[in-house]
Every structure is written in C-alpha cells, then in structure tokens.
2 protein chains.
Amino acid sequence: MIKELAILELVGDDLLRVEQKMKSMGEGAYGPLAQAFLQLLGSGGKRLRPALALAAYDLAGGPIAGADREKAVFMAAAVETLHTATLVHDDLIDNALVRRGSTTLNAVWDKGATVLAGDYLFARAAGFAAETENTRVVQHFADTLRIICEGELRQHFSSRQWEQPKDSYYVRIFAKTASLFASATRSGAILAGAAQEAEEALSDYGRLLGMAFQIVDDVLDYTGDKSLLGKPVGGDLQQGIVTLPFFYYMQTHPEPAEVLAQLDGSAPATTRDFANGSTAGVDDIVAQIRTSDAIAQALDEAREFAAQAQACLTSFPASQIRQAMHELAEFVVARRV
Amino acid sequence: MIKELAILELVGDDLLRVEQKMKSMGEGAYGPLAQAFLQLLGSGGKRLRPALALAAYDLAGGPIAGADREKAVFMAAAVETLHTATLVHDDLIDNALVRRGSTTLNAVWDKGATVLAGDYLFARAAGFAAETENTRVVQHFADTLRIICEGELRQHFSSRQWEQPKDSYYVRIFAKTASLFASATRSGAILAGAAQEAEEALSDYGRLLGMAFQIVDDVLDYTGDKSLLGKPVGGDLQQGIVTLPFFYYMQTHPEPAEVLAQLDGSAPATTRDFANGSTAGVDDIVAQIRTSDAIAQALDEAREFAAQAQACLTSFPASQIRQAMHELAEFVVARRV
C-alpha cells in the first residue's frame, strides 16, 4: 500500500539520494556507530518527512536539477536524520525495546552510548541543514529542534496528569510532530525560492498534515494491530500519556472519577518493565476506549485536519505533485500502520 | 585569580551580553526548563570558550561595534550553550551528582527529563549559531558538534580498556575539548572577516590551547583539591577513563601487569554509586600516580602545547588582546582549578 503512494513515486529518485546521504554518515564514522546507523536506517519508516520536503520544493516550482535541488535533498536528509535522532532518545526515555518491529538501539546499547548516538545524529542533521547554505532554512531548523525538545519535555512532565486540559494535547502534538512536518515543507518552499504566500501555504499544509498524522498515530496506539505496528498496543496510556481518544472517552464516560481512580491505582510505567509488564487497570480502560465512540470522534478530527491541509494546496496550479500531496492527506487518515 | 585574567577583563562587556543571551533562553520557556537553566547558568564555569570567540574576533580586527560584533556575541553564546549541553549529558552518562560544587541536573531530574534538557540546549546552541547568518560558521559549528559526540562515544566505548595506545588519548581530547576551543576561535576570526591565514592561525591557537587545557584538567583529576574542583579526585580512572598521567605512569612503572590486574579486579563504575562509592584497587593507583613523575611529565606536555598556542599569535601585531591571549595560555597550565 505504502509503495503505491504517488508522492513516494514522484520524489522517489531524490529519496534514494536522501537515503544515500544518510548512509554516508556511516562512512569514516567510528565503527560501532557506523554499525548502529545501518540498523537504524535499515528499520526506516515511510520516509514521509523527507518526501514532504522534496514535494514542497517541486510544488513551489524549484528547478528540477542543479544546486538548488541538491540543497533540497540535503534538507530532506536533515529532516529525516533529526526525526531519527528524536526516536533514538525517545526509545531510551520510554525504555522501549521494539520499534517498527525492530530492536531499538537502547535495547542493545547502554544508556550512555544511546544518549551519545542520538546526539551524534542531531549533529549530522545540523550538518545536513548547514549544507543548504540558506540562513533562513538553518534558523527554522534550529527553531524546530527547540520546539520538538520543549514539546517532549512538556509531555514528559505531564505524564500521568489525567485531568490536563484538552488544549494541551494540541500544543504537544504540534511540537512533537506537526512542527517538523511544517519545517520540512517550509524548507522545501524556501529552497525553491517560493514567494512568501506560497511558503506559508506549504508550511500550513505540512503543519495540518502533521496534526492529522499524529492524531491517527494516537488512535492506532489504541486500535492498531500489534504485529503491524511493531510495538505494544495501548502503550501511550500505559506510559501515562494522554491522547485524543482518551479525552473523548472521558467526556462521554458516565463515571470519569472511577476511571481516574483506576488509573491512579496502577503503577507508573517507569517502575515496570514496559515491554513485558502491563497494568490491569490501564489495560481495561484501553479495551474500553478501543471499542468506544472516542475512536471515531478522534478520527473525525484527523479527517478535518487533513481536509484543511488539502485546502492549502488549492492556490497552486494543478499538477501531478499537487494531486499526490492531496492524496497523501487521504492516506494519512486511512492508514492502518 | 580568575577574575584577574586580562582576557576576561578585555571582553568583559561582551561576556555580559553572552550571559544575557543565555539567560534569555529561559524567558518564555516551559517552567521547569526555565528554572533548570537558571541553576545551570548560575553554576557557570570560567566562560573561557565564549571569551576565546570574542578575543579571536578582536585580534582578527573585527569591528568594535555593530552587526558583526553582535554576531560574534551570538557565536560566543552558541559555543558556551553547546558546552553546557554536553555537560548535562555527560553528567547523566557518568551518574555524576556534583559538578563545580553544584548539584547536577540529573541529580534532581530523571533520566528522560535530563536527556531532553540537554537536547533542548543543543537546539538553542544551534539557534544562536544560526543567528550569525554565516554559512561557514554554521557548518563549522555542526561539524564540531559531530566531532564532540563521536569523541564522547569513543571515550565511552574505550572505558576500562587499560592497554589502549597513547595516540588514542590525543584523538579523544581533541574531540572532547580542543575541537570546541578551535571552533570558538575560528568562528571569531571568520566573523571578523579575517584572511585565510589569520583564520588558520587562530583556529590552531584555540586547538593547541584546548589540548593544553584538557591535559591540565586530566592532571587536576589526580592532583586537584576536591573542594576546589567541586568533584571527587581520581574520578577518571574510577570511571575507567585512561588519561595522560596514567600513560606516563604505566611507561615507567616496574610492574604494569600488576597494575592492570588490580584495575581489572575493581568493579566498573556503572555498577556503583559513583558519588559515594570508591574502589580500593583504583584508589591505590590514583594515590601512586599522584606522587609519581607522571604528573610532571604530563604537565610538561601541557606546557609544550601552550607554548605552541602562543607561537600562533606572533603573526598578529602586538596589542592588549594579543598579550591577554598569550597570558591565557600560561594561566591554563598554571591553574589549580
């Protein structure tokens, strides 16, 4: 299904070059690090973020070859490398041992080595961004990294705060996901030499698509197939992370106080072996949310964000890439993995 | 003694502006993060790295006011913020609870929050570097971050490898310390619009000074006063980190095999409470090294690096700042803390 995504076809050649640049990080690097990269890159995801940078560059009318396009490829590599760096640190923080069905780095390396491997990837991401030689792109990149880290910290400190306001959820998912999607599309637009209005439209497209993407991720955490996701189901709530399905469930649940008592009675995730252990109280609630209306309500919101993302494309002339970006928004909410 | 350092006097006004920029990171930041910054900045060190960036800018003839100088101040803030970020992660990795006599962040925060706080500081450092709007400066900055992380990884994986070649020591201290010193002085030179030759001379000055600085740091780890250093004496060897005094000691010690057996019999640092525990075998060797010729031999090498650093300054016309940089090299090897 993913292979058939038109956007991945259209920017496929450049995505291969992104992959090459990322693989080249291993060359000449310290042995154990080079090996770790191969594993990290091999278990790579859908490469949506770099594809978005490249697609935005194309839609904004960037030259199809030459130095500018090379810069867009560098930026796409920066975005994906930054994403990978945050995953390495996230898995360490969450004590996650499996991601996308593969063993995580922290399952194999100790705490110190994993922290440093993530830092190294941040450094390489910054290096790729610097290769664009574009001051605004670099500034947006640094700013996005700041927003992501601050968002992760907010999420970390708000863990097991079951009664936080729903608004805080949108702040968090913008920071952790939508900001990087927006940075990818904005950077593509800047490197293509887009006018201010087109740059903003593409940044908005990325942001809204990112919001939809993260809501669906959060829904799949409840409804997904463990073997397809390559990670445990209900993991968010087990870690004390409150996402959109939970907010909707609480709004309509007859006895919220009862649910909270059940959650508060469960052990915090940090004291358990997260991969193997589970907490009865949380598992019950996950099962209830899974079959409740909360799932449909959350997906409706994701669809709304996706539709808003599509609306950002209408000011651009019709083209294959515009159509592919339109379809991507549909894919993001329809996906099962 | 430190307050009297001429270089800190000469660039003092700009150092205050660096401090302001770093403090401004807390404004508008997420509450717990802002508080952590105040503590981190309050326990600040000598601010040698930002002073070097500013001094190099001055020696290279950068304008004394205006946009270029402002960029040098931003770069100085980038260098010090990057340094602070690496310390936050180092302390986490080493389980260090005290630094410069103050409680470390990881002594107060959990693993996850500490990782993210360090990441956040990397982001802010990159943001400061981006404010220079200078492509080469940003590229050098990203490259330095990469070198530092790779060096830390090498050190981490070479822990308790007692028989590593002495050359690996120089590779490690260049990566962990001298590379950032060199990046500071090179960036100052670039932002001052220095000619290629002057830029290289200033980069070399920073690098050689950094080598001297780290050797002295490693000597002080054996000979220093615990209350002045604000950390335990002999900590490096207890953590399995082999530094220059150890290499010299082993070269002249009559029974190296005996020393190694003693070290191998001691528990690795990661299994102990590093702040309180100690390992008898290691403590004995630390005491022996402390009173051996190895200390004087290591300090001779530091003096040699410092003299080479001073030689890099001779191509610049005599000035107050040149004299201050010359004296700094003397201070670096004479310091007791």
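## Terms and model

Helices (H or I, at least four residues) and strands (E, at least two) are DSSP runs, numbered from the N terminus. By that count, A:Arg160 sits in the loop between H8 and helix H9 (166-191) of chain A.

This is a predicted model: local features need pLDDT of at least 70, side-chain atom pairs count only at pLDDT 80 or more, and totals for chains, interfaces and linings use all residues. Residues are numbered from 1 along each chain as its sequence is written, while chains are lettered from A and ligands numbered from 1 in the order in which they are written.

## Confidence

The predictor assigns the complex an ipTM of 0.91 and a pTM of 0.92. Confidence in each residue is given as pLDDT, from 0 to 100. The average for chain A is 90, and 94% of the residues score at least 70. Residues 269-278 of chain A have a pLDDT below 50. Beyond near neighbours in sequence, this stretch has 13 contacts in the model; two residues are in contact if their C-beta atoms, placed from the backbone, lie within 7 Å. Where pLDDT is low, the predicted coordinates should not be read in detail.

## Fold of chain A

Chain A has 17 helices and two strands. Its radius of gyration, taken over C-alpha atoms, is 20 Å. The globule rule (2.2 Å times the number of residues to the power 0.38) gives 20 Å for 337 residues, so chain A is as compact as a globular protein of that length. The C-alpha trace of chain A spans about 60 × 50 × 35 Å along its principal axes.

Of the contacts in chain A with a separation of 6 or more, 75% join residues 24 or more positions apart. Buried residues make up 54% of chain A. A residue is buried if 20 or more other C-beta atoms lie within 10 Å of its own, exposed if 12 or fewer, and partly exposed in between; C-beta atoms are placed from the backbone.

## Nonpolar core

A nonpolar core is a set of buried Ala, Val, Leu, Ile, Met, Phe, Trp, Tyr and Cys residues joined through C-beta atoms within 7 Å. The largest one holds 225 residues. A:Ala55, A:Ala212, B:Ala55 and B:Ala212 touch the most other members. Leaving aside neighbours within four places in sequence, A:Ala55 contacts A:Ile7, A:Val11, A:Ile321, A:Ala324 and A:Met325.

Chain A gives 35 residues to the contact, and chain B gives 35 residues. On the side of chain A that touches chain B, helices H3 (31-42), H5 (67-94), H7 (111-130) and H8 (135-157) each give two or more residues. H8(A) gives the most, with 14 residues.

## Two positive phi values

A:Asn95 has phi near 55°, a positive value in a residue other than glycine. A:Asn95 lies in the loop between H5 and strand S1 (98-99) of chain A. A:Asn95 is partly exposed, with 18 other C-beta atoms within 10 Å.

A:Arg160 also has a positive phi, about 65°, although A:Arg160 is not a glycine. With 16 C-beta neighbours inside 10 Å, A:Arg160 is partly exposed.

How values were computed. pLDDT is the predictor's confidence in each residue, from 0 to 100.
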